[in-house]
There are 2 protein chains.
Amino acid sequence: MRRFTLFGDLDKTISGMESGKMRNWTGALVINTIMDFYHKFAREVDANQKKFVERLRKAVAIPSISGQPERRADVLRMVQWTKMQMEELGAKVELCEIGKQTLSDGSGINLPPVLFGTLGNDKDKKTLLIYGHLDVQPAENLDGWNTEPFSLVEKDGKLFGRGSTDDKGPVVAWINALDTLRKCEIPIPVNIKFCFEAMEESGSLGLEEILKKKKDTFLNDINFTCISDSYWLGKNKPCISYGLRGLCYYFIEITGCKQDLHSGVFGGSIYEPMSDLIWVMSQLTDVDGNIMIAGIMDLVAPVTNEEKKLYEALDFDMEEYRADIGAIKLLSDSKEKILMNRWRYPTLSLHGIIGASSGEDAKTVIPGKVIGKFSIRLVPNMEPVKVDSLVMHHLNALWKIRGSPNRFEVKPLHSGVHWVSDFKDPHYQCAARAIRKVYGVEPDYIREGGSIPVTITFQELTRSSVLLLPIGSSDDMAHSQNEKINLINYMEGIKLLGAYILELCNL
Amino acid sequence: MRRFTLFGDLDKTISGMESGKMRNWTGALVINTIMDFYHKFAREVDANQKKFVERLRKAVAIPSISGQPERRADVLRMVQWTKMQMEELGAKVELCEIGKQTLSDGSGINLPPVLFGTLGNDKDKKTLLIYGHLDVQPAENLDGWNTEPFSLVEKDGKLFGRGSTDDKGPVVAWINALDTLRKCEIPIPVNIKFCFEAMEESGSLGLEEILKKKKDTFLNDINFTCISDSYWLGKNKPCISYGLRGLCYYFIEITGCKQDLHSGVFGGSIYEPMSDLIWVMSQLTDVDGNIMIAGIMDLVAPVTNEEKKLYEALDFDMEEYRADIGAIKLLSDSKEKILMNRWRYPTLSLHGIIGASSGEDAKTVIPGKVIGKFSIRLVPNMEPVKVDSLVMHHLNALWKIRGSPNRFEVKPLHSGVHWVSDFKDPHYQCAARAIRKVYGVEPDYIREGGSIPVTITFQELTRSSVLLLPIGSSDDMAHSQNEKINLINYMEGIKLLGAYILELCNL
């Protein structure tokens, strides 16, 4: 038996399993159960499948590639299109200019504005912030697409197109859900605010700054934030993401001479910086990926029994995962070990080298200065400052052992802390109930191995719970060729986002 | 006391130190000493300094950059200009088309023709082949030139301009020398053939093929070849190059998965190919550049006492060398050790990695497939096939030790044998006498650490002696910004090439 609060100016409560008294869109009072609301909503969603696919088709048709300055007009068009959709929902929308981007040739170009919107402004309701992004990764037929990337193509129950799952699908799903709630005259139990940016695929340029400026205005009344910009762990089971890893990125710079030298003419004269760098980089991990930097693993929070159980219960097909990435062999045969490696243990990856020869040619050069790039993913309780200190100590000790006369410098480039939320939080339980309603199963609680810095930004600025609620499948191929969202994931995703909004009445 | 043969149809000999009876340009008989010829020639060269600098200025003014297809018309213009210069000397010249070059976009562009020329066709004379190249490296003011690269600028006794030393200076010096011999009516003791290409800075595309085709025609009567396309060991002392190192180039390919992976999402799942490759590459040399591949050093011909003495006598300023390349410390304090390292010992250089992240960004990728590039410089008696076998054995053994499940493949890319000539050969002694005449010193006999494949091609196709006779200084900065030739090197270089031709009467 759960109690929940009625919303609106009535400020009354009634008890009863999944029933409520709410204000509808026109302000008239209706008494109904959430379940009834949900069923009505779900039927209406199903009835509008064609319309919703068409809406996504329009979004995908705009090649809003933020990484290509020549596409900036298309990015703006996508922002304007979304603004119109939201205004049709009745939202008040503001386009917020966030300055200029400096291109590699030194010229400047306007960043696309961030779209801030408000739907509902009832002081007695709590406020949900929805984040999404309107820009996409580049895509060319030539890259190996089987269909035209900017035409939504339905085939075998899949909707192919750039942005279909990352992140136009989820953004349009939010719009569809709100559109349907409104059409069904179902009262929305919370005020809704939106933050849709259009530079996410280019490092969210300008976003953090504008959010910080809006801390005491637009963001001052946010009670919970929901981001649908990630994926299920597998292909079949919905999940809720409650954690992200952080990151420390390092450059190791070794200089041997003032310019690149001909390896024939000069080979045998100098201590070659590449040889130094390669050796240093070889001393960071072992063949099994274990980090060889003393002290790093001591920072990691121990696994609790409760956590262990969570991993055991997860629906994760190891063989499917291995085959999808085309790996010959995974680092472990244990599902728990691989998932813990990805989510709750640090990993160190060697990314590459600046200044060495990287072309497919047989260049015979002794690079004069090389910079090795590597990063460490952070988990609780690894504080970046402590990690930096251990890394510096290890690298300096290695350099001493190496005994090369070359110039050696380690540059900690940037860092972002990990993010782990409490999946037992009532906000998360609203999402879990919504999942049970739509899919009839308990969700998996998962983490993501990557970093979504805006998650932490929202959590810090709003001082409230942030939830990652994915609707797409693990094989959607975001960023890659033949990106798609399954039609069923899209349609049930619309239902999930609607059901989640309805469930928020319980908070 | 040396005996030498009269040239021309007279077929007579007279004895006597540096004197000879020769046919002059007009066919009239003159009796003169080589010394007299040389003095007359040298005086005339000095008297024409202005004209010769102007001639070089015209050559430098043509931006014949072979590596830039849009400059192909300029390359052709340079070939035509040279053809005209040689026709004015009385040479018979042929432009030989050598087919097309395929550009990276798949389109085709005509290669510049190779210029073959003949000056003199006396069956009783021996024949000298002169090789040079008419194309240059790219150059832009923006790269850091202090002057306009395609305007010859004289400053502090230096002639700055792209191609001034590599290789337009030497080519124009040959023309100037022949022009002066002709003007002074000095008989040329040999038939002269020319091979001037215009794709040298782009891998001499098409040259080897056309030379092979001409083995039994144009190249069938060559008795010696001279190439002036290298540099002195230092700044003060002329030298003769009698050796080049060879090269074996290798790719180590390691594949871990079918595409690059996000290091956050997938870090901790797979055996990272970069980590494998970096470790393998770290096991090829030690900090002092010693090659750690068992058996390689056993292939190297031992140093003879005679050779040792040669190194001891060389004029080489270690501190100047170190400062010029901006190295913090050289691999050894011993001049002999450094020069032997560069010329007569193998060296292994790690050049770079294909497939890893090479940009100045902080990309967080796990490269799915990486290819490490390294090469070994070869010296006598390292046969490429034996080197390949030792390298493969070493790498395969390393891979076994590594124990990674990833896919590992070593690809021997290409190889070129070393070239070492006998500096006591009479042909070399002609050059040595010429150096004594012009500079009043004994030449240094040096090797080059790099490879000039055309050297070996000429030696093999003509089955006769090839000589490298540099005229520029070690600090001429070929390929780099502010390329120059010293005015004195240019003028005395003209004298050297003329004196060398005159000395060939002694063969």
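Start by selecting helix α8 of chain A together with what covers its buried residues, which includes β14 (239-244), α10 (335-343) and β22 (444-448) of chain A. "Covers" here is about contact, meaning heavy atoms within 4.5 Å. The helices (H or I, at least four residues) and strands (E, at least two) are DSSP runs, numbered from the N terminus.

A quick word on what you're looking at: this is a predicted model, where local features need pLDDT of at least 70 and side-chain atom pairs count only at pLDDT 80 or more, while totals for chains, interfaces and linings use all residues. Residues are numbered from 1 along each chain as its sequence is written, chains are lettered from A and ligands numbered from 1 in the order in which they are written, and side-chain values use heavy atoms, with hydrogens and water left out.

Now zoom in on α8 (residues 305-313) of chain A and pick out A:Glu307, A:Leu310 and A:Tyr311, which are buried. Look down the axis of α8(A): its buried residues fall within an arc of 95°, so they line one face of the helix. That arc is taken from the directions from the helix axis to the C-beta atoms. Buried means under 20% relative accessible area, exposed over 50%, and partly exposed in between (1.4 Å probe, protein chains only).

Next, select residues 242-398 of chain A, which UniProt lists, in an unreviewed entry, as "domain: Peptidase M20 dimerisation". UniProt positions are given in the numbering used here, feature names are shortened, and annotations may be inferred rather than shown by experiment. The span is 35% helix and 22% strand, and its end C-alpha atoms lie 37 Å apart.

Which residues does UniProt list for "binding site"? The unreviewed entry gives A:His133, A:Asp166 and A:Asp229. They span 97 residues in sequence, yet no two of their C-alpha atoms are more than 8.2 Å apart, so they gather at one spot.

Click A:His133 first: you'll find this residue in strand β9 (residues 127-133) of chain A. A:His133 is buried, with a relative accessible area of 0%. Beyond residues up to four places away in sequence, A:His133 touches several others, including A:Asp166, A:Glu201 and A:Asp229.

Hop over to A:Asp166, in the loop between β11 (158-160) and α4 (168-183) of chain A. A:Asp166 is buried too, at 5% relative accessibility. Show its side chain and that of A:His479: the two make a polar contact (3.2 Å). A polar contact is a pair of N or O atoms within 3.5 Å; within protein, one must be able to donate a hydrogen and the other to accept it, and residues adjacent in sequence count only if both atoms are side-chain atoms.

Stay here a moment, as a cis peptide bond joins A:Asp166 and A:Asp167, with omega about 5°. Most peptide bonds are trans. For another cis bond, go to A:Pro380 and A:Asn381, where omega is about 0°.

**Ring spotting**

The structure holds 28 aromatic pairs over all chains. Rings of Phe, Tyr and Trp (its six-membered ring) pair if their centres lie within 6.5 Å; planes under 30 degrees apart count as stacked, over 60 as edge-to-face and the rest as tilted.

How are the rings of A:Phe116 and A:Phe218 arranged? Their centres are 4.9 Å apart and their planes at 65°, so the pair is edge-to-face. This pair links distant parts of the chain, 102 residues apart: A:Phe116 is in strand β8 (residues 114-119) of chain A, and A:Phe218 in the loop between α5 (207-213) and β13 (224-227) of chain A. A:Phe116 is buried at 1% relative accessibility, and A:Phe218 is buried at 10%.

Then select A:Tyr242, A:Phe423 and A:Tyr445, which ring pairs link into a cluster.

**Zoom out to both chains**

Last stop: chain B can be laid on chain A with an RMSD of 0.2 Å by a turn of 180° and a shift of 0.2 Å along the axis. That is the relation of a two-fold axis. In chain B, the C-alpha nearest the axis belongs to B:Ile278, 2.9 Å from it. Copies are superposed by least squares on the C-alpha atoms of residues with pLDDT of at least 70 in both. Finally, 100% of the interface residues of chain B are also interface residues in chain A, so the copies meet through the same surface.
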